[in-house]
Amino acid sequence: MLKVSRKFEYGLHAAVYLARKDPDTVVTVKEMSLEIGFSQEFMAKAMQHLKKAGLAVSVQGVKGGYRLAKSPDDITISDIGRATEGLPHLMRCSVDRGKCEIVDTCPHRDYMFTLERKIDMLMAGTTVSALL
């Protein structure tokens, strides 16, 4: 039924993994991938999304890698979702009204929009620290 994307899943695992490390510890994508058990390619893309959103920072050089940009107390699951997927959406019309032929007459559109908001509120109320 409802399923989170692989991008979101990788971003969430990466953020929790980094949160378990000392705040100054820099971790490579390869190290994260091996320890978590995910594809290095997808993990690298997830980290790029987290970096672009200001949730992670990259350190260049021989001892380079990633670390969280903020405290795990200040990063919500919603932040990770928005960084990897954008705004939450359960239906096509949430993203683009023109993609649904019955958007103006849909009897359950309001309910589904309310459900989206509640999911986002739950995610916004949960920090990475809560998952440690």
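In E2, Arg 67 is the bridge partner of Val 57. The structure is a predicted model, for which local features require pLDDT of at least 70 and side-chain atom pairs count only at pLDDT 80 or more, whereas totals for chains, interfaces and linings use all residues. Residues are numbered from 1 along each chain as its sequence is written, and side-chain values use heavy atoms, with hydrogens and water left out.

The protein has six helices and two strands, taken as DSSP runs (helices: H or I, at least four residues; strands: E, at least two) and numbered from the N terminus. Along the sequence, these elements follow the pattern α-α-α-β-β-α-α-α. The C-alpha atoms fill a box of roughly 60 × 25 × 25 Å along the principal axes. Of the 132 residues, 33% are buried (under 20% relative accessible area, with exposed over 50% and partly exposed in between; 1.4 Å probe, protein chains only). Among contacts (heavy atoms within 4.5 Å) between residues at least 6 apart in sequence, 60% join residues at least 24 apart.

Strands E1 (residues 56–59) and E2 (residues 65–68) run antiparallel and are joined by four bridges; pairing of two strands requires at least two DSSP bridges between them. The hairpin of E1 and E2 has five residues between the strands, and Gly 61 in this hairpin takes a positive phi near 110°.

Two packed helices are described by the angle and the distance between their axes. The axes of H1 (residues 6–19) and H2 (residues 29–36) come within 11 Å and cross at roughly 100°, which makes H1 roughly perpendicular to H2. Axes are lines fitted to C-alpha atoms, for helices over the stretch in contact, and angles run from 0 to 180 degrees between N-to-C directions; those of 65 to 115 degrees count as roughly perpendicular, under 35 as roughly parallel, over 145 as roughly antiparallel and the rest as oblique. His 13, Ala 14, Tyr 17 and Leu 18 of H1 meet Glu 31, Met 32, Glu 35 and Ile 36 of H2 in this contact. The residues of the contact comprise five nonpolar, one polar and two charged (nonpolar: Ala, Val, Leu, Ile, Met, Phe, Trp, Tyr, Cys and Pro; charged: Asp, Glu, Lys and Arg; polar: the others, Gly among them).

The largest nonpolar core has 26 residues, and those with the most contacts inside it are Leu 18, Met 32, Met 47, Leu 50, Ile 80 and Val 128. Such a core is a set of buried Ala, Val, Leu, Ile, Met, Phe, Trp, Tyr and Cys residues joined through side-chain atoms within 4.5 Å. At least two residues of this core come from each of H1, H2, H3, E2 and H4, and H1 gives the most, with nine residues. A second, separate core of five residues includes Met 91, Cys 93, Cys 100 and Met 112.

Leu 50 lies in helix H3 and counts as buried because its relative accessibility is 1%. Beyond its neighbours within four places in sequence, Leu 50 contacts Gly 11, Ala 14, Ala 15, Leu 55, Ala 56, Ile 80 and Ala 83. The C-alpha atoms of Leu 50 and Ala 14 are separated by 9.1 Å, although these residues are 36 apart along the chain.

In helix H4 (residues 77–85), the buried residues are Ile 77, Ser 78, Ile 80, Gly 81, Ala 83 and Thr 84. Their cover includes H1, H3 (40–52) and H6 (109–124). Just after H4, Gly 86 takes a positive phi of about 90°.
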